[in-house]
Amino acid sequence: MIHVLSAAGGGVAFWPEAISQHAEAIDALAISFFALVMALAAPIGFALIWFAWRYRRFSEADRDQPHHGSSWMEWGWMIVPFLLTLVFFVWSGVLYRDLHRPPADAREVYGVGLQWMWKFEHPGGQREINTLTVPVGEPVRVILTSQDVIHSLYLPQLRIKQDVLPGQTTSLWFEADTPGIYDLWCAEFCGVSHSRMKGELVVLSEADYEAWLDKFDEGPALAETGARLYRDLGCSGCHGVEAAVRAPDLAQLYRRPVPLKSGETVIADERYLTDSILMPQSQIVAGYEPVMPSFEGVVDESELVALVAFIKSMASLEDMRTQEPAVDGLLDAGPPEREDDQ
Amino acid sequence: MTDIPLAPERSKNFWTAKETVKSWFLTTDHKRIAILYAATLFVFFFIGSAGAAVIRLEMITPGADVVSAEGYNRAFTLHGIIMVWFFLVPLIPTTFGNFLLPLMLGAKDLAFPRMNMASWYIFIFSGLLALTAIWLGGLETGWTFYTPFSAVYADGWVTLSIFAVFVSGFSSILSGINFIVTTHTLRAPGMTWFRMPLFVWSLYATSLVMILATPVLAITLLLIIAERAFGIGVFDPSIGGDPLLFQHLFWFYSHPAVYIMILPAFGVISELVTAGARNRIFGYKFIAFSSLAIAVLGFLVWGHHMFTSGQSMYAGIVFSFLSFLVAVPSAVKAYNWAATLYKGRITLNTPFLYAVGFVGLFVFGGLTGVILAALAVDVHVHDTYFVTAHFHYIMVGAAVTAFLGAVHFWWPKITGKLFNETLGRAAAVLLWIGFNLTFFPQFILGYLGMPRRYNAYDPEFQIWHVLSSAGTPILALGYLLPVFYLGWSWFKGRDAGPNPWRAQGLEWTTSSPPPKHNFLGPVKVTREAYDYPKQDPYKGPLPRTAAQEAEDDRREGKSAEDRR
């Protein structure tokens, strides 16, 4: 649903509603950038019309023209528009950086895209299909993966989207400031029912949101499901404190730096945890043997999400907040050693 | 110039030098190969347009009513694959590039005439493969073939279609090599690099991109075939691949491919603007080098297609900066074309109208491109109709308008006939109106958030979709009208003479149509390009269009008043 901006559109959808500070900033950026580029184009339009009239075939205008070119003009119309547009490069770059730096205390929701629906799971175990319920005025981070092809979670009233990749973890965050029901679409072509892979973003007031969370009592919390899987799959057999096989301790691991055998150090974010479960040979922790089997095909996406949630739950929130620099590093760019293959 | 006969002997005209079917299909004459390419592209344009017609019909209403979801997906995939690889990429280089390059350089033919013929046969073969895939039922990956959808999940004739595109690349590479070698080795005496028409510079830059980018596409497509056919894990994460790797490789070709479409269009416009304004080009060297700058920078901006893909934030920032930078040489051209009109002697004839229309569409398409290069804005409008509108302004609005301008400008040279100037101007204006009506509403749709490749949408979007669909009949008329009056002129048109536009350039010094070996005598170049005389049209040779001359002839006696 487009939320009509009645003042500008008068009943015709002309401009999408903006429900976050970021969305308003994007609108301001887009409008002022558009104004600038139109101003830069205006001399061309003006010159075409004026010259075409002034120097029409039979006009008696003076045509004495010793030079057909001018270095200062050429450099002028190369450099001045470029520098002016750079203002917008910086402005949009700063907003883009903010999109990649969620607040450390953001609420987390796990999302899985699959042909052709969206599944969301909240840390308390609440599960939704094609609906994402979030509280107003609080940062929310959605951690995403795909079960099959590439999808893209698009929230137009928030002016954000993020591609959702199979076998990898991506995330987006936002802070909605107006309660209501908004659009949630898939933006990356994903097959026959691509246009039906849509749902609703439900933004609730704080009280409504708490009531909504409490309404669920069926499922266990996500981390509890993960803890059960952790035992059932035998993870604890190696990673536990009294395990027979020596494997890295996973308590307090989340968002901590991990030294690798290769000499590099990575931050243990969701992407690292997911990769280590599915492709354990790709990043070996320094001092350990590469003996872990891959759980690719053993766990499905929602089990993976639960396992990651459990590992995260073993790191206490207080510790996380003292890890600001590490958090920044992870949220900026992901683990450094994955840079070149992305 | 005066010794050139108005209508050359039949045996000396490349159309009639030999009139057997075999002489056409085994020809090595660059002009005939250009005609063969043109006829082929004409067919592909109509097939691709059929896909577009299905899309715009379906989009009139919010529901899925004209075709099924699968039918819609197959229609836009057909439209994209045919239009990109079998129409827009070869459009200007293989037709006007082939026809004009030797004529503009004062050569008898391209450097490798038989390789030129081979490139057409490869193109035909790849085109038939693509048509076979479509005939058998098509595919629904979109023209971008994103993995793992294309490699694992998509139904239909994906492997065959990809193989067709793979083969067509060789045709591009052969043309590129031919143009570069020709430019280096076959320039007439006196034709220095900085006397070359700017169309030649743009073709040279295009050829560099063709040679350097196309192999990467070929490798990428082979990797998909390897994954689909043999299960080798390259892009599919479930067998150890990386889906983003495909996007990097694909856009490493496909972004430069946009410059393969638009660079030769820039060259055409430089020719049309100078002839229409009867003035030397403003900033010759800046325009020439800006083509090369675009060709080089065009290789460094592919990541701007991937700002939301999950690539690193720092990569996004670098690609954004480089994309702002690539706008500079494009802007240089637009400013210089406008400055070329200064102190010119301007007639609003058909080619000039197309050129002015091109500048408008290109500037708008280019500037919306810079807006898309702004990272956080792109996060909102990526994969929406905003992007669709932007690239249609460049690839269709600009490139196809330039092509039609070229058709009108060189039609008298190619066929030796004059077309109806009034209808020509009407077609140029119709095309411009129809195009803007079709694609401008898509910018609004995109900012509203309408995603691409949806066969059904929310009713609030409908008004803009209806406007967009309403533009298509006008646009179609703009395309079809020239078919009729140009076709008519072919049979009934007046003889054009060697230089109906009174234009500069070597191609205008030979007869129309040119003889088999282009020039009847030796060619020597003594002047700069676009060295238009400044004199008053009432003194000396009249800088009038041939169509106007014909008009004047018919209304003899009144002509003096008409001119005022």
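Five bridges join strand 6 (residues 151–155) of chain A to strand 7 (residues 160–164) of chain A, and the two strands run antiparallel. The model is a predicted one.

Visitor: In strand 7 of chain A, which residue is the bridge partner of H151(A)?
Guide: Strand 6 and strand 7 of chain A are joined by five bridges and run antiparallel. For H151(A), the bridge partner in strand 7 of chain A is V164(A).

Visitor: Which residue takes a positive phi in the hairpin of strand 6 and strand 7 of chain A?
Guide: The hairpin has four residues between the strands. The residue there with a positive phi, near 60 degrees, is R159(A).

Visitor: In strand 9 of chain A, which residue is the bridge partner of Y154(A)?
Guide: Strand 6 of chain A is also joined to strand 9 (residues 180–186) of chain A, by two bridges, and these strands run antiparallel. Within strand 9 of chain A, the bridge partner of Y154(A) is W185(A).

Visitor: Which residues of strand 6 of chain A point the other way from H151(A), L153(A) and L155(A)?
Guide: In a regular strand the side chains alternate between the two faces of the sheet. In strand 6 of chain A, H151(A), L153(A) and L155(A) point one way, and all residues on both sides are buried. Because five of the five residues are buried, strand 6 of chain A is largely enclosed by the rest of the structure. The residues that point the other way are S152(A) and Y154(A).

Visitor: What covers the buried residues of helix 5 of chain A?
Guide: In helix 5 (residues 222–232) of chain A, the buried residues are L222(A), A223(A), T225(A), G226(A), A227(A) and Y230(A). Their cover includes strand 2 (117–121), helix 6 (235–239) and helix 8 (301–313) of chain A.

Visitor: Which residue with a positive phi follows helix 5 of chain A?
Guide: Helix 5 of chain A spans residues 222–232. The residue that follows, with phi near 90 degrees, is G234(A).

Visitor: Is helix 8 of chain B roughly parallel or antiparallel to helix 9 of chain B?
Guide: The axes of helix 8 (residues 198–230) of chain B and helix 9 of chain B come within 8 Å and cross at roughly 165 degrees. Angles over 145 degrees count as roughly antiparallel. Therefore helix 8 of chain B is, relative to helix 9 of chain B, roughly antiparallel.

Visitor: How many nonpolar residues does the contact of helix 8 with helix 9 of chain B have?
Guide: Helix 8 of chain B passes helix 9 of chain B in a left-handed crossing. By class, their contact has six polar residues and one charged residue, and the number of nonpolar residues is 23.

Visitor: Does N130(A) count as buried or partly exposed?
Guide: N130(A) lies in the loop between strand 3 (127–129) and strand 4 (131–135) of chain A. Its phi is near 60 degrees, a positive value in a residue other than glycine. Because N130(A) has 15 C-beta neighbours inside 10 Å, this residue counts as partly exposed.

Visitor: Does R278(B) count as buried or exposed?
Guide: R278(B), in the loop between helix 9 (243–277) and helix 10 (284–297) of chain B, has a positive phi near 45 degrees. Because R278(B) has 23 C-beta neighbours inside 10 Å, this residue counts as buried.

Visitor: What is omega for the cis peptide bond of S512(B) and P513(B)?
Guide: P513(B) is placed in the loop between helix 16 (462–492) and helix 17 (546–554) of chain B. The cis peptide bond that joins S512(B) and P513(B) has an omega of about -10 degrees.

Terms used. Residues are numbered from 1 along each chain as its sequence is written. Chains are lettered from A and ligands numbered from 1 in the order in which they are written. This is a predicted model: local features need pLDDT of at least 70, side-chain atom pairs count only at pLDDT 80 or more; totals for chains, interfaces and linings use all residues. A residue is buried if 20 or more other C-beta atoms lie within 10 Å of its own, exposed if 12 or fewer, and partly exposed in between; C-beta atoms are placed from the backbone. Two residues are in contact if their C-beta atoms, placed from the backbone, lie within 7 Å. Axes are lines fitted to C-alpha atoms, for helices over the stretch in contact, and angles run from 0 to 180 degrees between N-to-C directions. Angles under 35 degrees count as roughly parallel, over 145 as roughly antiparallel, 65 to 115 as roughly perpendicular and the rest as oblique. A crossing is left-handed if the near helix is turned anticlockwise from the far one by less than a right angle, and right-handed if clockwise. Ala, Val, Leu, Ile, Met, Phe, Trp, Tyr, Cys and Pro count as nonpolar, Asp, Glu, Lys and Arg as charged, and the others, Gly among them, as polar. Two strands pair if DSSP finds at least two bridges between them.
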